[in-house]
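Morning, everyone. Please have the viewer open.

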Amino acid sequence: CGVQGDGCGGQTPFCNPCPNGQVCGGGGPGVCGAPDAGCVKMTCSNYPGLCGQQSDGCGGLTPDCTCPSGQSCLAGTCGVPDAGGCTPETCSNYPPGTCGQQSDGCGGLTQFCNPCVAPATCGGGGTPNMCGFIDAGICKPLTCGQEGLMCGPSGDGCGGLLDCGPCASGQMCIAGICKGVQ
């Protein structure tokens with residue numbers, strides 16, 4: 001449960017709500033379990049080099065973690081601005097079965113990756129940006145809000161494509177979240 005690393009330097013939307021009576025982090029960081037009154041919440045200092053909100057290990061999130069002076073937040077990771085030296089990732093950097101637009105690791109998006117082999121569709125199995133099979137109308141498309149996205153394109157979990165819109169002036173869309181350009 002909770003916000004997880006996406007394996008590419010960014011973060012997933014808030015994953016898998018916990019059943020009633022359990023909280024995210026009650027069974028350990030990112031794991032559903034009974035609330036623990038003695039849980040010691042993690043802070044941004046537990047996540048060196050990462051920015052944005054992180055799991056506090058007790059069912060909640062940290063405040064928005066910021067980068068040290070002179071560094072920028074790109075896809076959830078702090079780094080020194082590269083003045084154009086960042087090498088964008090391409091679709092070949094993602095595993096087979098991944099489809100749709102992905103983060104390029106430099107604040108942008110890849111082209112539309114890996115068309116699925118019919119009858120599979122992108123998001124058709126219920127997992128956004130993964131090839132899968134449509135479930136004969138049972139699939140309920142996700143909204144941008146349900147996926148925790150503020151901007152950019154994303155799969156709707158049923159083979160369709162969502163447009164979560166642009167960010168306000170002075171902000172950049174990074175992994176579906178509008179972030180101020182630092």
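First, a term: helices (H or I, at least four residues) and strands (E, at least two) are DSSP runs, numbered from the N terminus. With that in hand, S154 sits in strand β7.

Two notes on the source. This is a predicted model, where local features need pLDDT of at least 70, side-chain atom pairs count only at pLDDT 80 or more, and totals for chains, interfaces and linings use all residues. Residues are numbered from 1 along each chain as its sequence is written, and side-chain values use heavy atoms, with hydrogens and water left out.

Let's stay with S154. Is S154 buried or exposed? S154 is buried, at a relative accessible area of 7%. For the cut-offs: buried is under 20% relative accessible area, exposed is over 50%, and partly exposed is in between, with a 1.4 Å probe and protein chains only. The S154 side chain makes a polar contact with the side chain of E147, at 2.9 Å. A polar contact here is a pair of N or O atoms within 3.5 Å; within protein, one must be able to donate a hydrogen and the other to accept it, and residues adjacent in sequence count only if both atoms are side-chain atoms. Now the wider contacts, meaning heavy atoms within 4.5 Å. Setting aside neighbours within four places in sequence, S154 touches N129, E147, L149, G160, L161 and L162.

Next, the hairpin. Strand β9 covers residues 171-174 and strand β10 covers residues 177-180. They run antiparallel, joined by four bridges. Strands count as paired if DSSP finds at least two bridges between them. I174 has I177 of β10 as its bridge partner. Two residues lie between the strands, and A175 takes a positive phi near 55 degrees.

Now the cysteines. A disulfide is a covalent bond between the sulfur atoms of two cysteines. The working rule is a pair of cysteine sulfur atoms within 2.5 Å. How many disulfides does the structure hold? The count is six. I'll take three of them.

Start with C151 and C173, whose sulfurs are 2.1 Å apart. The torsion about the S-S bond is about 90 degrees, so this disulfide is right-handed. C151 lies in the loop between β6 and β7 (153-155), and C173 lies in strand β9, so the pair ties together parts 22 residues apart in sequence. The two ends get separate labels. C151 counts as buried because its relative accessibility is 1%. C173 counts as partly exposed because its value is 27%.

Then C167 and C178, with an S to S distance of 2.2 Å. Here the torsion about the S-S bond is about -95 degrees, so the disulfide is left-handed. C167 is in the loop between β8 (161-163) and β9, C178 is in strand β10, and the two are 11 residues apart. Both ends are labelled buried: C167 at 19% relative accessibility, and C178 at 13%.

More on C131. It is partly exposed, at 29% relative accessibility. Not counting residues up to four places away in sequence, C131 touches G97, C99, N114, C116 and T121. T121 is 10 residues from C131 along the chain, and their C-alpha atoms are separated by 5.4 Å.

On to charges. How many salt bridges does the rule give? One. The rule asks for a side-chain nitrogen of Lys or Arg within 4 Å of a carboxyl oxygen of Asp or Glu. The pair is K179 and D64, at 4.0 Å from N to O. K179 is in strand β10, D64 is in the loop between β2 (32-33) and β3 (72-74), and they are 115 residues apart. K179 counts as buried, at 18% relative accessibility.

Last stop, T62. T62 is also found in the loop between β2 and β3. It is buried, with a relative accessible area of 2%. Beyond its neighbours within four places in sequence, T62 has contacts that include M42, T43, C44, Y47 and D56.

That's the tour.
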